[in-house]
Amino acid sequence: MNTVQMEYLRPGQVVEEKKRVPVVYFPVGPLEWHGPQSPVGTDALIAGEVARRAAGITGGVVLPTFYWGVDSIRSPQEKSALGLPEEGAVRGMDFPANSMRSLYVAEHIFATAIAAYLDVLVAQGYRLIVLVNAHGAGNQVATLQRLAQEYTLRGPSTVLYARGAYAQQQDDITSGHANQLETSFAMAMAQEDVDLGTLPPKGVPMRIPDYGIADSLAFSGQALENFVIRYDPRGASIEQGERLLHFSAQQLAGIVTQTLAGLSHQ
């Protein structure tokens, strides 16, 4: 086959690949605010690209990316940690200063839609279904993990929850939302669709609540003074993004290969 993407394959090719490697990747992610500089589909784009690269290593096919996602209302403690005003509800990364809202859907509808896809994939006879998720919202992760567990227990297919983005040890501290790391991912996938010119010149401090951009340390209550972004996207590069994509695909392929090996012994 010239591609691992199911939508481009003829029926015979899909059937033959399933006989050879009975695995299907199902990338999922929302259309969500990722700062003014990056595409709103950044999470979903990461999940799809990493899934395709991993399938190129392991075999199997990749479904079209499912551009759906959920997020929760931030607690008063979370809003305080991110420098957001006390009044008003904030869902996910939809900060008051953003120019648009994310396309989050209700959690129960999201779960129903994912389950409908899983029903079809189980009926098609895939031995391993890999849910690839690059959106870090706790309720999205929990929903996908719950569905993976339920469907695996029900059988006959195994459903594996997997992250779409993996960082090497030196990158762990730079992880976050729409910051240097995620913007590097976006630049490596869609350079022409990332516009750092929408951000202030380098050297001008950028604040989390003003741009809807945050590092993991800020989410855990360790923001810098005045909520200035630590690893802001102005330091992003195609080179870092490509390295992260390659590493993420290798990590995902390793997890899938190990899982398939375990299933072959059952």
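I take helices (H or I, at least four residues) and strands (E, at least two) as DSSP runs, numbered from the N terminus. This is a predicted model, so I keep local features only at pLDDT of at least 70 and side-chain atom pairs only at pLDDT 80 or more, while totals for chains, interfaces and linings use all residues. Residues are numbered from 1 along each chain as its sequence is written, and side-chain values use heavy atoms, with hydrogens and water left out.

**Pocket**

I looked up the largest pocket: its volume is about 670 Å³. For a pocket I need an open set of points on a 1 Å grid over the protein atoms alone, where a 1.4 Å probe fits, with protein on both sides within 12 Å along at least five of seven lines. Its volume is the space filled by probe spheres set on the points.

I find 30 residues in the lining (an atom within 4 Å of a point). Ala 134, His 135, Gly 136, Ala 137 and Gly 176 lie nearest the centre. Helix α6 gives the largest share, three residues. α2, α5 and β4 are among the elements that supply at least two each.

**Helix pair**

Next I checked α2 (residues 42-58) against α9 (residues 238-264): their axes, lines fitted to C-alpha atoms over the stretch in contact, come within 8 Å and cross at roughly 55 degrees, on a scale from 0 to 180 degrees between N-to-C directions.

In contact (heavy atoms within 4.5 Å) I note Ala 51 and Ile 57 among the α2 residues, and Leu 245 and Val 256 among those of α9.
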